[in-house]
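Please read them with the structure open.

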Amino acid sequence: MDFLAQAATAIRHQAERMDGKGGPSGLGGEEIPLLSRILAVADAADRIIEVQESGVALHDAVDTLARQADRFDPAVVAALGQALGRRERDVLQTIPSQGAQS
(Lines give C-alpha, C1' and ligand atoms only; values in the text may rest on other atoms or scores of the structure.)
Protein backbone atom coordinates (compact mmCIF):
# COMPACT_ATOMS: atom_id res chain seq x y z
CA MET A 1 0.00 0.00 0.00
CA ASP A 2 2.86 2.36 -0.78
CA PHE A 3 0.54 4.61 -2.78
CA LEU A 4 -1.28 5.51 0.44
CA ALA A 5 1.87 6.67 2.21
CA GLN A 6 1.60 10.23 0.88
CA ALA A 7 -2.07 10.41 1.89
CA ALA A 8 -1.26 9.09 5.37
CA THR A 9 1.48 11.69 5.79
CA ALA A 10 -0.84 14.48 4.59
CA ILE A 11 -3.58 13.46 7.00
CA ARG A 12 -1.14 13.08 9.89
CA HIS A 13 0.23 16.61 9.49
CA GLN A 14 -2.89 18.60 8.59
CA ALA A 15 -3.13 19.77 12.23
CA GLU A 16 0.29 21.42 12.08
CA ARG A 17 0.36 25.22 12.17
CA MET A 18 2.38 27.61 10.04
CA ASP A 19 3.91 29.08 13.21
CA GLY A 20 5.08 25.60 14.33
CA LYS A 21 2.86 25.54 17.42
CA GLY A 22 0.63 22.71 16.19
CA GLY A 23 0.88 18.99 16.28
CA PRO A 24 1.59 16.19 16.01
CA SER A 25 5.21 16.99 15.12
CA GLY A 26 5.51 20.73 15.69
CA LEU A 27 6.33 21.35 12.03
CA GLY A 28 6.03 24.89 10.73
CA GLY A 29 5.97 26.74 7.44
CA GLU A 30 7.44 24.87 4.49
CA GLU A 31 8.29 21.90 6.74
CA ILE A 32 4.60 20.98 6.63
CA PRO A 33 3.85 18.85 3.55
CA LEU A 34 1.98 20.87 0.92
CA LEU A 35 -0.86 18.36 0.76
CA SER A 36 -1.27 18.70 4.55
CA ARG A 37 -1.51 22.49 4.21
CA ILE A 38 -4.11 22.10 1.46
CA LEU A 39 -6.16 19.67 3.54
CA ALA A 40 -6.02 22.00 6.54
CA VAL A 41 -7.38 24.93 4.52
CA ALA A 42 -10.09 22.84 2.82
CA ASP A 43 -11.19 21.28 6.11
CA ALA A 44 -11.28 24.62 7.93
CA ALA A 45 -13.26 26.31 5.13
CA ASP A 46 -15.73 23.43 5.16
CA ARG A 47 -16.11 23.63 8.94
CA ILE A 48 -16.69 27.40 8.87
CA ILE A 49 -19.45 26.98 6.32
CA GLU A 50 -20.97 23.99 8.13
CA VAL A 51 -21.01 25.71 11.53
CA GLN A 52 -22.73 28.72 10.01
CA GLU A 53 -25.31 26.40 8.41
CA SER A 54 -24.45 27.68 4.95
CA GLY A 55 -25.01 31.25 6.11
CA VAL A 56 -21.40 31.99 5.18
CA ALA A 57 -20.33 32.05 1.57
CA LEU A 58 -17.15 30.21 0.70
CA HIS A 59 -15.34 33.46 -0.16
CA ASP A 60 -16.21 34.74 3.34
CA ALA A 61 -14.65 31.59 4.78
CA VAL A 62 -11.53 32.31 2.72
CA ASP A 63 -11.38 35.82 4.18
CA THR A 64 -11.62 34.34 7.68
CA LEU A 65 -8.79 31.89 6.95
CA ALA A 66 -6.63 34.64 5.44
CA ARG A 67 -6.69 36.42 8.81
CA GLN A 68 -5.13 33.34 10.43
CA ALA A 69 -1.71 33.26 8.76
CA ASP A 70 -0.19 31.80 11.93
CA ARG A 71 -2.36 28.71 11.36
CA PHE A 72 -2.97 28.42 7.61
CA ASP A 73 -0.59 28.76 4.68
CA PRO A 74 -1.36 32.16 3.10
CA ALA A 75 -0.40 30.87 -0.36
CA VAL A 76 -2.87 27.97 -0.11
CA VAL A 77 -5.62 30.29 1.16
CA ALA A 78 -4.88 32.70 -1.71
CA ALA A 79 -5.00 29.83 -4.23
CA LEU A 80 -8.42 28.82 -2.91
CA GLY A 81 -9.59 32.42 -3.23
CA GLN A 82 -8.29 32.63 -6.80
CA ALA A 83 -9.97 29.35 -7.75
CA LEU A 84 -13.25 30.60 -6.33
CA GLY A 85 -12.89 33.85 -8.24
CA ARG A 86 -12.42 31.94 -11.50
CA ARG A 87 -15.43 29.77 -10.69
CA GLU A 88 -17.61 32.79 -10.00
CA ARG A 89 -16.54 34.42 -13.29
CA ASP A 90 -17.31 31.19 -15.18
CA VAL A 91 -20.76 30.96 -13.62
CA LEU A 92 -21.52 34.61 -14.37
CA GLN A 93 -20.49 34.12 -18.01
CA THR A 94 -23.08 31.35 -18.38
CA ILE A 95 -25.93 33.56 -17.16
CA PRO A 96 -27.64 35.36 -20.05
CA SER A 97 -27.59 39.13 -19.81
CA GLN A 98 -30.86 40.70 -18.70
CA GLY A 99 -31.31 42.49 -22.00
CA ALA A 100 -30.98 39.31 -24.09
CA GLN A 101 -34.07 37.55 -25.38
CA SER A 102 -34.48 33.80 -24.96
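1. A salt bridge is taken here as a side-chain nitrogen of Lys or Arg within 4 Å of a carboxyl oxygen of Asp or Glu. Asp-43 is partly exposed, with a relative accessible area of 28%, whereas Arg-47 counts as exposed at 51%.

2. The model is predicted. Its protein chain has four helices and zero strands, and the elements run α-α-α-α from the N terminus on. Of the 102 residues in the chain, 25% are buried. Among contacts with a separation of 6 or more, 43% are between residues 24 or more positions apart.

3. How many salt bridges does a search of the whole structure find? The search finds five. One of them is between the side chains of Arg-17 and Asp-70, at 2.8 Å from N to O. This pair links distant parts of the chain: Arg-17 is in the loop between α1 and α2, Asp-70 is in the loop between α3 and α4, and 53 residues separate them. Both partners are partly exposed, Arg-17 at 23% relative accessibility and Asp-70 at 39%.

4. Another salt bridge joins Arg-37 and Glu-30, with the closest N and O atoms 3.6 Å apart. Are its two ends buried or exposed? Arg-37 counts as buried because its relative accessibility is 9%, under the 20% limit. Glu-30 is exposed, with a relative accessible area of 68%.

5. Arg-71 is buried yet has no salt bridge. The nearest side chain of opposite charge belongs to Asp-43 and is 6.6 Å away, while the cut-off for a salt bridge is 4 Å. Leaving out residues up to four places away in sequence, Arg-71 touches Gln-14, Ala-15, Glu-16, Arg-17, Met-18 and Ala-40.

6. The whole structure holds one cavity of 30 Å³ or more. About 40 Å³ of space lies in the largest cavity. Which residues line the largest cavity? They are His-13, Gln-14, Glu-16, Met-18, Ile-32, Ser-36, Arg-37, Ala-40, Arg-71, Phe-72 and Asp-73. The lining divides into four nonpolar, three polar and four charged residues. Helix α2 gives the largest share of this lining, three residues. Arg-37 of the salt bridge with Glu-30 and the buried Arg-71 are both among the lining residues.

7. The peptide bond between Gly-23 and Pro-24 is cis, with omega about 15°. Where is Pro-24 found? Pro-24 is in the loop between α1 (5-13) and α2 (34-51), and Gly-23 has its place in the loop between α1 and α2 as well. Gly-23 is partly exposed, with a relative accessible area of 24%. Not counting residues up to four places away in sequence, Gly-23 touches Ala-15 and Glu-16. The C-alpha atoms of Gly-23 and Arg-12 are separated by 8.9 Å, and the two residues are eleven apart along the chain.

8. Ser-25 is also placed in the loop between α1 and α2. Ser-25 is partly exposed because its relative accessible area is 36%, which falls between the limits of 20% and 50%. Which residues does Ser-25 touch, not counting those up to four places away in sequence? They are Arg-12, His-13 and Glu-16. Ser-25 and His-13 are twelve residues apart in sequence and 7.5 Å apart in space, C-alpha to C-alpha. Glu-16 is touched by Gly-23, by Ser-25 and by Arg-71, and Glu-16 is one of the residues that line the largest cavity.

Note on methods. Residues are numbered from 1 along each chain as its sequence is written. This is a predicted model: local features need pLDDT of at least 70, side-chain atom pairs count only at pLDDT 80 or more; totals for chains, interfaces and linings use all residues. Side-chain values use heavy atoms; hydrogens and water are left out. Helices (H or I, at least four residues) and strands (E, at least two) are DSSP runs, numbered from the N terminus. Buried means under 20% relative accessible area, exposed over 50%, partly exposed in between (1.4 Å probe, protein chains only). Contact means heavy atoms within 4.5 Å. On a 1 Å grid over the protein atoms alone, a cavity is a set of points where a 1.4 Å probe fits but cannot get out, and a pocket is an open set with protein on both sides within 12 Å along at least five of seven lines; lining residues have an atom within 4 Å of a point. Grid points are joined across faces, edges and corners, and a volume is the space filled by probe spheres set on the points. Ala, Val, Leu, Ile, Met, Phe, Trp, Tyr, Cys and Pro count as nonpolar, Asp, Glu, Lys and Arg as charged, and the others, Gly among them, as polar. Lys and Arg count as positive and Asp and Glu as negative; His and the chain ends are not counted.
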